[in-house]
Amino acid sequence: MQDATIRVLPVGTVNQIAAGEVVERPASVVKELVENAVDAGAGLVRVEVTSDRRQVTGVRVVDDGIGMGRADAVLAFKEHATSKIREIEDLDCLHTLGFRGEALASIASVAEVTIVTKPRDRGVIAGIRVRVRGGGDPEVSEVGAPDGTSVEVKDLFFNTPARRKFLKSLHTELAHIHGVVEKTALAHPEVAFRLLHNGRERIATHAADDLRETAGALFGTDLTRALVPVGGGNRFVRVGGFVARPSHTRADQYQIFLSVNGRPVYSAGIVRAIKEGYGTLLPANRFPIAFLALTTEDGLVDANVHPTKRQVRFTHEREVYEAVTETVRTALHGEDLLAGEREAEVFTPPPAPRRPARPVAPAPTTAPRPGVGESPALYAKSDRRLRQTELPLAGAERNRLPEVTVLGQVDATYIVGSTGGRSLVLIDQHAAHERILYEQVQAKQASGPKTQELIVPVLVTFSPTEVELVREALPLLAEEGFVVEEFGPSTFAVNAIPVVLGKLEEPEVIRDLVSALVREGPSDPVGRREAITRRVACRGAIKAGDPLTTEQMQRLVEQLAHTENPYTCPHGRPTVILFSPDEMAAMFRRT
Ligand code: ADP
Ligand code: MG
């Protein structure tokens, strides 16, 4: 029970509580300090992170911005002390990232913060150093210093051990820090950013005229070659930046970077609007790659939604989304999209040598043949995918489905067949192939993950954020059969993949698997293995929308018949739906 006396909390305690909202982890410190540097008009922002083997031990952000005089440097640590707004109306025409005046006070209440600063252009000779530890009194002294500001944060959470306990592994924290620097750099291409970890340079961008250069510095030129510029808008918003051609997509939305008036933000609504702009150019379940900068007139956007300021609210949300969709759509339609496809081909490894065709049951004569003008290439990929799940002969005696004769395919998604000419059978081709793959992968995993060397190593480029995660996950990946090594600043060479992946050498698939594994792999090995199995099954399987020849469908059905559990996919959805003569009769009210 609480006791009944109400007390006003001391300022220090208030700040520690507030710190919980603003300072969640080392990356939040980096975010606040980097924002302050940008607000101070810096041309170059250097972020130095130090760590031991287990955790981040210090963060320093150095800028060449306007700096602070003595009085301001002390005041900066006070709660609700800001030079950026004076009254609430100022929020309507905010041109800075900060405005709450609580970051430095919060951080200094849970760490030791040392600011060294000298104002630019004021003829001051000496700099000022102010140190505050755990919200205590500031220690002030004069020091020699260059123009600009450096803020160093040490001993984070030294007085809030509960918070410290929630910190994740070193690499996760570093990945978050990379993420902050990436996002801020993309929202401010005009500022140069550098990130160093224990003295080694991890990120270096130059002050650039447009986002493409910054994106190139962060993610490599492979990606930037696929970018298409966008520009448009309406009365409420201007939309600029770049989107990738549909040949370059991702399994998740981590490659969509948005800024609103220079503030990196996340917005599910804008992500949806971008996807809508791609329309059918975007394969189902894929996300585009986009770097978009939105700008609005004063007063049309509210950044004061959440203490971390990651979200914004628009006064005319619908119109903003419409502008995004329209801008993306127009840009993509004006482009020679095939140009991107041709470029993309350069990075695809040569196809594996064809195995001699195995004997297959002849296709029934009633079956449709591929239409005129449809190239065999259309079917080649499906063939590759089917070949990876060819049955070992040993399993041939266990047939768990009635004999199905394939009649045809509808909507490039469902196999239509019949059993003994009596029942009607509908098979979801993706779900069915997923089931087959899933069981085969499981079986192979039971005998331990074996790896197979790739003929040509697949080079996969990751974003700086992911690079940290991949580095950390290398042992885990090896355990699962991926032999991956660092190849360049943001490139990894995949030299071998689990045998279970069969001939799946498409770089896109491998990159998706590795990045999913790295991002969301559950920590217990069993759960992790299961997650991989499902993912491999899903990515390796024939898709809805893949046209299949009758022969291919027949092979698929035959393979499905030899699984333990042919009636559901690994996610529990049905693979086969059967209409018996009785059921059909009932549907036609013949009974
Ligand atoms: P806010 O950014 O919301 O104003 P902060 O606590 O982050 O609040 O910073 C308080 C004040 O300290 C800022 O308003 C600014 O005047 C000053 N300040 C902080 N960092 C810097 C910096 N790198 N260069 C110049 N001034 C700074
Ligand atoms: Mg700030």
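Trainee: Which residues is Arg 310 in contact with, leaving aside its neighbours within four places in sequence?

Mentor: Arg 310 is in contact with Lys 31, Lys 183, Pro 264, Val 265 and Tyr 266, where contact means heavy atoms within 4.5 Å. This is a predicted model in which local features need pLDDT of at least 70 and side-chain atom pairs count only at pLDDT 80 or more, while totals for chains, interfaces and linings use all residues. Residues are numbered from 1 along each chain as written, chains are lettered from A and ligands numbered from 1 in the order in which they are written, and side-chain values use heavy atoms, with hydrogens and water left out.

Trainee: And where does Arg 310 lie?

Mentor: Arg 310 lies in the loop between strand 14 (301–302) and strand 15 (313–314), strands being DSSP runs of E with at least two residues and helices runs of H or I with at least four, numbered from the N terminus. Its C-alpha atom is separated by 6.8 Å from that of Pro 264, although the two are 46 residues apart along the chain.

Trainee: Switching to ligand 1, which residues come nearest?

Mentor: Of the 18 residues around ligand 1, those that come nearest are Asn 36, Thr 82, Ser 83, Lys 84 and Gly 101, with a residue counted as near if one of its heavy atoms lies within 4 Å.

Trainee: How far is the side chain of Asp 63 from a nitrogen atom of ligand 1?

Mentor: An N or O atom in the side chain of Asp 63 is 2.9 Å from a nitrogen atom of ligand 1, and one in the side chain of Thr 82 is 2.5 Å from an oxygen atom of the ligand.

Trainee: Now the helices: how do the axes of helix 6 and helix 14 cross?

Mentor: The axes of helix 6 (residues 170–187) and helix 14 (residues 464–479) come within 7 Å and cross at roughly 170°, the axes being lines fitted to C-alpha atoms over the stretch in contact, with angles running from 0 to 180 degrees between N-to-C directions. That makes helix 6 roughly antiparallel to helix 14, a label for angles over 145 degrees.

Terms used. Angles under 35 degrees count as roughly parallel, over 145 as roughly antiparallel, 65 to 115 as roughly perpendicular and the rest as oblique. A polar contact is a pair of N or O atoms within 3.5 Å; within protein, one must be able to donate a hydrogen and the other to accept it, and residues adjacent in sequence count only if both atoms are side-chain atoms.
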